[in-house]
Amino acid sequence: MLLSTKDILLAAQQEKKAVAAFNVFNLETVQAAVRAAEEEDRPVIIALGERYLPTVDLEGFAALAIAIARKATVPVALHLDHAYEKESIVRAIRCGFTSVMYDGSKYELEENIARTKEIVELAHMAGVSVEAEIGSVSRGAYSDEEEGEGRLTDPADAKRFVEETGVDFLAAAIGTVHGMYTGEPKIDLELLRNIQASVQVPLVLHGGSGTPDMIIAQAIESGICKVNINTEVSLAAVSHLIQFASTAEPQRAHLSTIMADMQGTILPVMKKFVKLLAQQKQA
Ligand SMILES: [Zn+2]
């Protein structure tokens, strides 16, 4: 069933679990994400980044994703990830996205607050929830996100930001990176706990890929309710396709089977995350 992102995340916050938000861009990635969630009997968020809009038809994609979400046996939400333009947010709201992320993290706090507040007012009128980011997530290996400064979130700024913008979930920068880590991950869990103590809204971890399981479990314990996953899924598919391309006979390979095969390859990777995020810390 298609459900509001806010309802899914508030329920996750209550049960001290997190929900996987998979970056998807086509039928196969949507189907794999929903199937991974169904097989683990957990909710899931399917997220389309604004950066894919030059090649992905937003309205067409939404129709497809919403139809699949409605048929699902578990709650599925449809999220617009890292939107920088008001125009994409308005289009996403019009075609049925259940939440949007406005990324004003490149602006100074005052301007980020003013811009985010405007988006929140607009989205809330349509019953759509909003995620925003303060601080900024830097870029690791194999990522297709923009370079961030890696500025960690200040808890006092987070408090003010949430109060003044009315945002529904907050992406906090605590040292994870977009993409894979190039060295030892330096995740500041104490900072996360301070942010959790400063705000009531569910917190979002960007850069789930390659983050050690133990750190993800501790992050969930400290208020993370949504974990974004992109690169690790992409890497699994790309490695598989490279292997396939080096051995396949062109006359026997058909695109339809390659796409189906790719969906089969990413399913266990997605399931691993859905399962990990649903684990509760043993007392
Ligand atoms: Zn992100």
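Reply: Buried residues (20 or more other C-beta atoms, placed from the backbone, within 10 Å of their own) make up 47% of the 283 residues in the protein. Keep in mind that this is a predicted model, where local features need pLDDT of at least 70, side-chain atom pairs count only at pLDDT 80 or more, and totals for chains, interfaces and linings use all residues. Numbering runs from 1 along each chain as its sequence is written.

The protein has ten helices and ten strands, which are DSSP runs numbered from the N terminus (helices are H or I, at least four residues; strands are E, at least two). Its C-alpha trace spans about 60 × 40 × 35 Å along the principal axes.

Now for the pair. Helix H6 covers residues 155–165 and helix H7 residues 189–198; their axes come within 9 Å and cross at roughly 30 degrees. Those axes are lines fitted to C-alpha atoms over the stretch in contact, with angles from 0 to 180 degrees between N-to-C directions. H6 and H7 are therefore roughly parallel to each other (angles under 35 degrees count as that). From H6, Pro155, Ala156, Ala158 and Lys159 make the contact, meeting Asn194, Ile195 and Ser198 of H7; contact means C-beta atoms, placed from the backbone, within 7 Å. Sorted by type, the residues of this contact are four nonpolar, two polar and one charged, where Ala, Val, Leu, Ile, Met, Phe, Trp, Tyr, Cys and Pro count as nonpolar, Asp, Glu, Lys and Arg as charged, and the others, Gly among them, as polar.

Technical notes
A residue is buried if 20 or more other C-beta atoms lie within 10 Å of its own, exposed if 12 or fewer, and partly exposed in between; C-beta atoms are placed from the backbone. Angles under 35 degrees count as roughly parallel, over 145 as roughly antiparallel, 65 to 115 as roughly perpendicular and the rest as oblique. Two residues are in contact if their C-beta atoms, placed from the backbone, lie within 7 Å.
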